[in-house]
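Biologist: Could you take me through how the pieces of this protein pack together? I would like to begin with a pair of helices.

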Amino acid sequence: MSDDQLESGKDVIAGLSAEQKSLPPKYFYDQRGSELFEQICELPEYYPTRTETAILKEYSGAIAQKTGPCEIVELGSGSSTKSRILLNAYQDAGYPLRYLPVDVSDTMLTESAEKLLQEYPAMSIWAIASTYEPALNALPPKQLPARMIAFIGSTIGNLQPAECEAFLENISETLEVGDYFLLGLDLQKETSILESAYNDAQGVTAAFNLNMLRHLNRQFEGNFDLANFAHVASYNSQKKQIEMYLESLTAQTVRLEVLDLTVEFEMGDRILSEISRKFSLEEIANSLSSHRLKVVEIFTDTEQRFGLMLCQKAS
Ligand SMILES: C[S@@+](CC[C@H](N)C(=O)[O-])C[C@H]1O[C@@H](n2cnc3c(N)ncnc32)[C@H](O)[C@@H]1O
């Protein structure tokens, strides 16, 4: 076992040893997980991607006008599909293009950076294969008059409230006064719409959830039997979050050799694999301003399903 492997699995040991077992959502994203996420984005039930894409199509030009020439750091960039809408707006405005995608999935990051270089030959790219925090600490000096950190796709909803506050503070400390933060957020809405988005008829979300166990098996020499777990997703209306679990269908013992970890499951025990918090624009605006991130403009769809907030770092 290398120190690196053990270091990278400490969160797995902590999560699976806790009374409420949990795993960090970053373990969804091996190559297959990234591909399954792309399929989720196309599902009829999964309104967030469609809705945020439509908002970006309508307002990216306005965002570019507000920020002026600006380099874009994107956290959790994935396939950079939505980012292209923003990049096109900056290109159409005649601004130089500089894009700094950050993603924990290095295969997805490399593939999309290579495609982007072909599509935008004049663009400079600085890709960082990392989790968010180390990447924010490792950003190169700014080369354009402003910088915008984009965190779209409502990925912020995967952070627990305390993690979210620490994350916003980190963003604020990384930005210089006058720089921008673009935040995409899934908004509170009817439970039936939310629950069907995470329980699609084709079972793609279930496959995505279960794939996390396959990823752990490969990374840490585990023996999770995927047939012994089921995907469960429901809305917790008190906490205003979708909770996604892997439920044990039987009493079983799982071993992760690399981590020297043995985990016992009773039938019905659940691993919390993801929360997806649903926000109110007012609450998040208050939270942003407490981190010196002033809301410049809010863009939404007509049904107020999704919000895109452009913020500026205040002194
Ligand atoms: C929900 S997807 C969103 C992708 C894209 N931004 C979008 O809006 O469609 C989350 C992305 O963040 C990446 N990711 C998840 N946790 C991460 C972490 N802790 N650090 C860096 N990237 C992470 C995943 O690999 C994935 O590409």
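**Helix packing and domain contact**

Modeller: In this predicted model, helix α4 (residues 47-67) and helix α5 (residues 81-92) cross at roughly 25°, and their axes come within 8 Å. Angles under 35 degrees count as roughly parallel, so α4 is roughly parallel to α5.

Biologist: What is the handedness of the crossing of α4 and α5?

Modeller: The crossing in which α4 passes α5 is right-handed.

Biologist: Which residues meet there?

Modeller: From α4 there are T49, E52, T53, L56, K57, S60, G61, I63, A64 and T67. From α5 there are K82, I85, L86, A89 and Y90. Sorted by class, the contact of α4 with α5 has seven nonpolar, five polar and three charged residues.

Biologist: Another pair, please. At what angle do α3 and α10 pack?

Modeller: Helix α3 (residues 31-41) packs against helix α10 (residues 204-220) at an angle of about 165°, and their axes are 9 Å apart. Angles over 145 degrees count as roughly antiparallel, and α3 and α10 are therefore roughly antiparallel to each other. Their crossing is left-handed.

Biologist: And which residues make that contact?

Modeller: On α3 they are R32, G33, L36, F37, Q39 and I40, and on α10 they are V204, T205, A207, F208, N211 and R214. Six residues of this contact are nonpolar, four are polar and two are charged.

Biologist: Let us turn to the domains. Where do domain 1 and domain 2 lie in the protein?

Modeller: The domain assignment gives domain 1 as 3-28 + 192-277 and domain 2 as 47-189 + 279-313. Their C-alpha centres lie 28 Å apart. Domain 1 brings 13 residues to the contact, and domain 2 brings 15 residues.

Biologist: How much area is buried between domain 1 and domain 2?

Modeller: The buried area is about 1200 Å², and carbon and sulfur atoms give 57% of it.

Biologist: Which three residues supply 50% of the area that domain 1 buries against domain 2?

Modeller: They are I193, I275 and R277, which supply more of that area than any other three residues.

Note on methods:
Residues are numbered from 1 along each chain as its sequence is written. This is a predicted model: local features need pLDDT of at least 70, side-chain atom pairs count only at pLDDT 80 or more; totals for chains, interfaces and linings use all residues. Side-chain values use heavy atoms; hydrogens and water are left out. Axes are lines fitted to C-alpha atoms, for helices over the stretch in contact, and angles run from 0 to 180 degrees between N-to-C directions. Helices (H or I, at least four residues) and strands (E, at least two) are DSSP runs, numbered from the N terminus. Angles under 35 degrees count as roughly parallel, over 145 as roughly antiparallel, 65 to 115 as roughly perpendicular and the rest as oblique. A crossing is left-handed if the near helix is turned anticlockwise from the far one by less than a right angle, and right-handed if clockwise. Contact means heavy atoms within 4.5 Å. Ala, Val, Leu, Ile, Met, Phe, Trp, Tyr, Cys and Pro count as nonpolar, Asp, Glu, Lys and Arg as charged, and the others, Gly among them, as polar. Domain bounds come from an automatic or database domain assignment. Buried area is the accessible area (1.4 Å probe) that two parts lose on being put together, summed over both.
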